[in-house]
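Please examine the sequence and the model together.

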Amino acid sequence: MSSEAIGEALKAYVDRRLPGNIQGSDPEKYRYLVDMITWLLPKEKNSVSCSFLIRLLQTSIALECGQTVSSELKRRIRLHMEDATVGDLLIRAPDSENFKFDIDLVHDLVENFMLQQKSGQDIFPAFVSDDSEIKVARVIDRYLAEVARDPNLPLSKFINLAELVSGFSRPSHDGIYRAIDMYLKEHPGITKSERKKICRLMDCRKLSAEACMHAVQNERLPLRVVVQVLFFEQVRATSSSGGGSTPDLTRSVYASTSATSNTEDGWDAVATAKALKGELATLRLNGTKTIAEKVDGSKMKGSIMYKKMFTKLWSNKDRQSENNSSDTSESPSSSNAGETKSTSSRSRRHSLS
């Protein structure tokens, strides 16, 4: 018989013999059943589905079948991980936990997709294709967006899983942006430092135009992230419309914005905008047109919005700087200094508009 036929027969047997709810059943009987089915599974990759294997793994954990059975099922799931769906991975957490889904188990499954077993046994092919990595990264992004809705999900667990797939081949970061945005929405009480950690998971350079449009209007994102999005979209639009080569400028912008994240205060400091002002000036040297002038008519509205958004951010930070200056000193000399700073700020805003 073919391996597919054997796998289908075993699945049909499990559907009939293994109840969906094993509580109150004979645990020893069902442990034996799960154990036998696990070792009867054909070795070929496409003999059974990933969904069926994950169901067996859940049951083996609930029945406490032991580490040997669990490890074997995880090994087999690794071969099918690219076929997993978000529904397959939404596994209920143990009753002892106060959050909904077993994100630790999913972390183990993804880790098995990447690493060898601790015993040294090679359970992987010679290489993992980029297509497989992209599929797994995408499904984990969608999974993170779902589990992020749980108000009790610890940030550390969310970040650990996201970081695990951060090195995977991925043409776009729209998925992780949606997951991050959902977590920030459902956890409004997290600290500034925690927002900083979670936003580091996303590469602003890999956001689509639609995601950029959403991000620059997203009040949940720290200022540094919004400014990065604005600049990378400006650079991308300028490059695509014949403005010349911009890779060096892109790296310079990224370095400038990242440098302000070394301290928590750097997130919202005026220094963020100041560090980037020179890069914007560089972008516009030698007659380079603004983004609003470069793109076609269908994108004109969004392009103008980018320019206005940056000008607004810069103006707001100037006002904060002026207020801080006036609050820290009441002497006439300080007042004169504040007026000088205000005049300078207005001059800067005029040069940006």
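What percentage of the residues of the protein chain count as buried?

## Overall composition

Of the 353 residues, 47% count as buried; buried means under 20% relative accessible area, exposed over 50%, and partly exposed in between, with a 1.4 Å probe and protein chains only. This is a predicted model, in which local features need pLDDT of at least 70 and side-chain atom pairs count only at pLDDT 80 or more, while totals for chains, interfaces and linings use all residues. Residues are numbered from 1 along each chain as its sequence is written, and side-chain values use heavy atoms, with hydrogens and water left out.

The protein chain has 17 helices and zero strands. These are DSSP runs numbered from the N terminus: helices are H or I with at least four residues, and strands are E with at least two.

## The nonpolar core

A nonpolar core is a set of buried Ala, Val, Leu, Ile, Met, Phe, Trp, Tyr and Cys residues joined through side-chain atoms within 4.5 Å. The largest one holds 75 residues, and those touching the most other members are L41, L89, I140, L144, F158 and I198. Helix α7 (residues 130-147) gives the most to this core, with eight residues.

## Helix α1

Helix α1 covers residues 3-17. Its buried residues are S3, G7, L10 and V14.

Conventions: The expected span of a helix is 1.5 Å times one less than its number of residues.
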